[in-house]
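Visitor: Please walk me through this model. Keep it short.

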Amino acid sequence: MGMFDFDFLDDVRRMNKRQLYYQALNFGMIVSSALMIWKGLMVVTGSESPIVVVLSGSMEPAFYRGDLLFLTNYREEPIRAGEIVVFKIEGREIPIVHRVLKVHEKENGTVKFLTKGDNNSVDDRGLYAPGQLWLEKKEVVGRARGFVPYVGIVTILMNDYPKFKYAILACLGAFVLIHRE
Amino acid sequence: MNTVLSRLNTIFAFTLSVMAGLTFLCFLSTFFNDHKALVAINTGKVIVKNVPDYSASREKNDLAEYETKDHKLNQVVVWDKIIKRGDNPILDYRKANTKYYFWDYGNGLRANKNITLTLSWNVIPNAGTLPKIMGEGHHRFEFPEDYSPNRFQ
């Protein structure tokens, strides 16, 4: 029995067909319940992406890279100056977390607003699509409601180093499939 | 049973649950805080100018919460400040200019009688909810009937 004894592989060798199926199904259950939780959160919060990771330092010192934000996007909640919104601009993949600087709302509820990052010296017009001066409600992904620091750093690492991502996924998958209760 | 892997696994799981517990306690410690505070704001000399806005391709614009003919509610941030943990949280300014330009979307500022200045703030805890608080107290002022004739005043 050495230190790097691969005796955990013995578990697989000892499994019969029934147990293998069980493991595969178990794996499927984990994946599908994760998906259900995500979709359920989408329904409850009204946001297309209820949890986001802060990817840039433009909101320091409030949010740093790797902080996790919990969003809601209720239709009846109006957008007001000073709120922290997450928005997605056409032609840009990554959603942006910034603070609302100006709001102009018409009587029928259509709203135009301008945002700025706390750590940026100018407003976001340079970040918007070319020629775009105002954001509208359809571009909002959600309003920041809750905050957990550092948790999202794993996601950032995975994005920056794809190999790390595959290694983690492979390890997790292997663990679930091989491990015998 | 007691392989390196299983021990690492146990340590990792235990660390994670302790961190989660501590984070939850952080959340609890600030969740019931009442962040209200009193605010007194006043304005000095109020002038309004009609100048072209070169940052936006619009024709001309007038330079807090107000109402114009076509927009029911308008909010403009004119000043902000970040207070970190440990900084003096009592803000006392005697003569302050606005930090950002007070542009209107159209020409709604001249002779506007209903501009309200308020102070509101976000609190960012170590972990937990992000409350947005409206200060108790506001100041209402009017813009003059005429544009300021002087360019640099």
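**Surface, strands and interface**

Visitor: Is B:Phe24 buried, partly exposed or exposed?
Guide: B:Phe24 has 48% relative accessibility. Buried means under 20% relative accessible area and exposed means over 50%, with partly exposed in between (1.4 Å probe, protein chains only). So B:Phe24 counts as partly exposed.

Visitor: What kind of model is this?
Guide: Residues are numbered from 1 along each chain as its sequence is written, while chains are lettered from A and ligands numbered from 1 in the order in which they are written. Side-chain values use heavy atoms, with hydrogens and water left out; local features need pLDDT of at least 70, side-chain atom pairs count only at pLDDT 80 or more, totals for chains, interfaces and linings use all residues, and the model is predicted.

Visitor: How much accessible area does the nonpolar patch with B:Phe24 have?
Guide: B:Phe24 is in helix α1 (residues 4-31) of chain B; helices are DSSP runs of H or I with at least four residues, strands are E runs of at least two, and both are numbered from the N terminus. Patch residues have over 30% relative accessible area and no salt bridge; nonpolar side chains (Val, Leu, Ile, Met, Phe, Trp, Tyr) are joined within 5 Å, like charges within 9 Å. Areas come from the Shrake-Rupley method with a 1.4 Å probe; for residues, only the protein chains shown count as cover. The patch also includes B:Leu25 and B:Leu28, and its residues together have about 840 Å².

Visitor: How many helices and strands does chain A have?
Guide: Read along the sequence, the pattern is α-α-β-β-β-β-β-β-β-α-α. Chain A has 4 helices and 7 strands.

Visitor: Which residue of β7(A) is the bridge partner of A:Phe87?
Guide: In a regular strand the side chains alternate between the two faces of the sheet. In strand β3 (residues 84-87) of chain A, A:Ile84 and A:Val86 point one way, A:Val85 and A:Phe87 the other, and all are buried. β3(A) pairs antiparallel with strand β7 (residues 140-148) over 3 bridges; pairing needs at least two DSSP bridges. In β7(A), the partner of A:Phe87 is A:Val140.

Visitor: Which residue of β5(A) is the bridge partner of A:Val100?
Guide: Strand β5 (residues 111-116) of chain A has 5 of its 6 residues buried. It runs antiparallel to strand β4 (residues 96-105), joined by 6 bridges. Within β5(A), A:Val100 has as its partner A:Thr115.

Visitor: Which residue in the hairpin of β4(A) and β5(A) takes a positive phi?
Guide: The hairpin has 5 residues between the strands. The phi near 95° belongs to A:Gly109.

Visitor: What is the relative accessible area of A:Gln132?
Guide: A:Gln132 lies in the loop between β5 and β6 of chain A. Not counting residues up to four places away in sequence, A:Gln132 touches A:Ile89, A:Arg125 and A:Glu139; contact means heavy atoms within 4.5 Å. A:Gln132 is buried, because its relative accessible area is 16%.

Visitor: How much area is buried between chain A and chain B?
Guide: The contact takes 34 residues from chain A and 34 residues from chain B. Buried area is the accessible area (1.4 Å probe) that two parts lose on being put together, summed over both. Carbon and sulfur atoms give 60% of the total, which is about 2700 Å².

Visitor: How many salt bridges join chain A and chain B?
Guide: A salt bridge needs a side-chain nitrogen of Lys or Arg within 4 Å of a carboxyl oxygen of Asp or Glu. Between chain A and chain B the count is 0.
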